[in-house]
Amino acid sequence: MSSFVERDISSHAGFVGEEENVAALWKSIDAMHAQNRMSKERKEPEYTFYDGPPFATGLPHYGHILAGTIKDTVTRYAAMNGFRVERRAGWDCHGLPVEYEIDQKLNITHRDQVLEMGIENYNKECRSIVTRYTKEWETTVTRLGRWIDFENDYKTLDPSFMESVWWVFKELFNKDMVYQGYKVMPFSTACGTPLSNFEAGLNYKEGTKDPAVVVSFPLTEDPEVSFVAWTTTPWTLPSNLALCVNPEFEYVKIKDLASSKVYIIGKARLCQLYPQMKGKKWKKEKEKEIFEVLATYKGSELVGKTYTPLFDYFASDEGQTYWRVLSDKYVTDDSGTGIVHQAPAFGEDDYRVCLAHSIIKKGSDIPCPVDSNGIYTAGCTDFVGQYVKDADPKICEMLKAQGRLVQKDVISHSYPFCWRSDTPLIYKAVPSWFVKVEEIRDKLMKNNEKTHWVPNHVKDVRFHNWLRDARDWAVSRNRFWGTPIPVWANDDFSEVICIGSIAELAELSGVTVDDLHRETVDKIEIPSKKNPGTVLKRIDEVFDCWFESGSMPYAQKHYPFENAEEFKDGFPADFIAEGLDQTRGWFYTLMVLSTALFDKPPFKNLIVNGLVLAADGKKMSKRLKNYPDPTLVINKYGADALRMYLINSPVVRAEPLKFQEEGVLGVVKDVFNPWFNAFKFLMQQVDRFETSTATKFAPNIDKVRASKNSIDIWLGARTQGLIKFVHEEMAAYRLYTVMPELVSFITELTNWYVRLNRDRLKGSDDDAESGLQVLYSTLLDITILLAPFNPFICEYFYQNLRKLQTSYDPANPNDTTNPAIAGKTASVHLLRLPAFDASRINDTAVEGMKMLQKIVKLGRDAREKRLISVKTPLRCMVVVMPLASQDVFEDVKTKLAPYIMTELNVWDIKFVTPSEEAEWVKIALLPDLKILGKKLGKAMKAVKQGLVNMTHEQAKAAIESGSAEVEGQVIDFKTEVISMYKYAKEDEAWEGCVHNDGDVVCAIDSTMDEKLIAAGKCRELITNIQKLRKVAGLVVTDKIEAFYEEQGGNTMRKYIKGNLKTFEDKFKGMVPLPKELASEASSVLASTEVDMDGMGKLTVDIRSPQLSLSQSITDAAVAKFIATLSINDVTDAQEVTCKIDAAEHTLVEGKDFFKSATAMAVAENKF
């Protein structure tokens, strides 16, 4: 297919090339903007969609493609369903992803290096890469068929966006929801910045190996006795300031008999020092062989005791009360020693407990000898300049030399890594600006209840639990490339102001700016109102980029400075979608800010997608190259195939998908090719119909509704049922239910409607036109209905189907004006989706067709059991439908039986009535053991046998009445008995099958005779002739003659003579003839040799029709003359005169020569 030319339907789909043509069409008519313009003209309500901004510092991967496909499908559906949809592209431009790239490029390992080069120069480098791949993104996204506005995009670095972020923060500041404080947070030493808790949860790695050591802490009052504490972070030991016990636990002082050392340890944790105590063979009496218990204490009794520190780095701190025992119930007895070492700079609980016990003081500095890059500072003299994780072995060596290392091991556990640098995180106390989230937890959970998630369990469990346990949000980062936090303060923070706009900054400082990055605003000072003559300076931090993305609903519209009414009308958003990982990311930040600002959820509907994994179930990795390049997949199979593969998978239910390239190919083979073939068949038959009737085919919905054909009625009802289903499921955002139903419908359309009606649709009468009208109407309906899901192939179909509409104007094919009408309108995506027509719903027709499909399946199964090919006819078939309603029974019997007989090649079919069914079926009964087992006890065995012994009539009567007495027990046949129909005919000639649903039983008469065999061989010959037509590349209107040559007999000739009408009906009067009847002048178009089972070899060929001379004329010269004439040169009964050797010959068509070999054979009885 090269272009949209009327009726130019190629024999090969060529989906990829056609998609490029479609994309060119959309571009030429500016389709997306035309859709929005037409929607505005119709004054349609707005459908608000938020697109989470990706970073453009990397190329799109399957995760982006999946989320983009979901977003595009839903927004296309909304736009075609009567809404105006703004779809703005957005770019996340600030934060760690960008800074990390620049740090790698410039080999920056410490923030001091940034300060040396200058923030302005550093940010200039950052700005240079933020849109590095936007063009590549645009190319990929456009090629996928996603409609999104790249021209009117937003960027988080735009001054308008940043100003709205300032407004958001000031609103929170004014609500007293912002504070500054220390907090132990996940910290990326590679990026030199703290991370939020949800960022820390993005990249946990299983099987991380760390040292696990037990260290001794000698008591000051008795240095021969030591507390022992366990830790997996030896690098925190130089910062140890206290030990913590559980006040309610029991502790013991023991003497280790092997070393004679005395330790205090949790009684329940003696197994830490003596692992053999965990063994199954351990016996308590063995304790006296390895240790001696000297004393027992409650944890509370140990509080206040002091010990000798491991290191004395902080011994000179003024007023310190370090190195004593504290208590808190967070200490557990499921690991370690029951005594926890406290380093408040590096543990959240450590910080809390030490603050509560005045080891550290609120507002005062915390002893922390580690800088922002994880390097020990001068305060830690033994390890200065070393990276903390690298220092673990050296610390252990020093402790061992001091006799303080009691035990050393290696632990494998789950540990958080930086989501950007993929390096281990540490936990570190940092000064930060916080948004109070804990105090609005109830509001968050309440607003969450107002939202609709697909799948819902992610909302009710995962997200709910995250909100329930939400912590205050550290929104500041000690970085450079980001939106500066708009707080100006004096040195001691006794005067603090928050700026909410560029205008407010100008008013207070006298400086007007057009950029809000650090290089611009850091140098602006604001005169103090409290202390005239002094100035306020901006604090050092910038916003976490998640704060910016959470602000996007407001900032993308520059709210409240512009578009205030437009924002309010469209908030909360109707729809958003992202991956499961955003549960703790974007979904969370959106919810926190919208709740804090407006006490509303930020969105109404949300689709959460799962992860796309490599085929082996592992994470997709560029390094491992364990997945196919998305661009290559699109170029090979087409974007629509990839879209449908992704949407029709578990990944749209937030489950993982193991990506299989074969699955994309499967969409092309199993869905698109059959769909295309049905479409091509329609267009070919419309061409043929117009040629044969000399009338133009004009789609007419009244003719569709007027059809009395049962299959037409079924297809109309089935189509309306699909339309209703799609609208209902899309209203609930259940894409995962829509796609399987769409695939099922296309399968039914191609495998049932087209196949059952193929011969009918090839006709030229009113019935043929009626079928073409129905098929056209259905294909147009599903083309429009599926356009949001498969935008390219539906556009291709529409561009061809529209040309049959009377409203189509070839002089104006690019019409994008209202009203949108199929045919007139330039693109399928500018049309409205078909509305559900309840008047065309016909449950009887739908159920009848389901029954037909079951009967056909059972007939094929029965044939297969007897090894009878479908080409060989059967004399009779019996159908039992014991559970069908009377309407369905009559529909199948009176209207669908001819289709069943044709499909199964059966000459007669009998539908068994309820009064006759006992001959063919028997109801088999079994007790429901789960129910009756408890009820009957020992009587169960007798009842079970009684059920088995019931006749068909008895079982049927019991089921109809609802209950019956069996072996003295009253049994409820509705709830306590399992019933199923079984084939019961006792006759070797018959073969029966029962459908899995138990609602239909079929049996075939497998008796064969000469007449049946003959008909089967003729059908086989017909099949081979049709194959030869395909080999020769013929179209439906091309006429041929067929000839055969049988080796060693005339069996085929006899079979054909007995089935002349079969061939005449199939080939419009043509009958295969022996080769000796072929004209010598005829040329062979294609030939084949067929092995006819039981008959030997049969050579078959097809030829172009030629005039055929009567067998009574033997003059070679006359034959040569006839061969020079074309069929089109003569009319019926025409006389033709020729002179040969002075003798004149008058030849009459229909007597001396014929228009076909078949006509000659009929006239002269040559069969």
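This is a predicted model: local features need pLDDT of at least 70, side-chain atom pairs count only at pLDDT 80 or more; totals for chains, interfaces and linings use all residues.

What does the accessible surface of the protein come to, and how much of it belongs to carbon and sulfur atoms?

Reply: The accessible surface comes to about 50,600 Å², and carbon and sulfur atoms hold 49% of that. Turning from the surface to the inside, buried residues account for 56% of the 1167 residues.

Now the overall build. The protein has 40 helices and 44 strands, and its C-alpha trace spans about 140 × 85 × 55 Å along the principal axes. Its radius of gyration is 42 Å, while a compact globule of 1167 residues would have one near 32 Å. If you take the contacts between residues at least 6 apart in sequence, 74% of them join residues at least 24 apart.

Charges come next: there are 145 positive and 164 negative side chains, and the centres of those two sets sit 3 Å apart.

On to your cysteine. A disulfide is a covalent bond between the sulfur atoms of two cysteines. To count here, the two sulfur atoms have to be within 2.5 Å, and the count comes to zero disulfides. Is Cys380 buried or exposed? Cys380 is buried, with a relative accessible area of 0%. Cys794 is buried too, with a relative accessible area of 0%.

Technical notes. Residues are numbered from 1 along each chain as its sequence is written. Side-chain values use heavy atoms; hydrogens and water are left out. Helices (H or I, at least four residues) and strands (E, at least two) are DSSP runs, numbered from the N terminus. The radius of gyration is taken over C-alpha atoms; the globule rule is 2.2 Å times the number of residues to the power 0.38. Buried means under 20% relative accessible area, exposed over 50%, partly exposed in between (1.4 Å probe, protein chains only). Contact means heavy atoms within 4.5 Å. Accessible areas come from the Shrake-Rupley method with a 1.4 Å probe; for residues, only the protein chains shown count as cover. Lys and Arg count as positive and Asp and Glu as negative; His and the chain ends are not counted. The place of a charge is taken as NZ of Lys, CZ of Arg, CG of Asp or CD of Glu.
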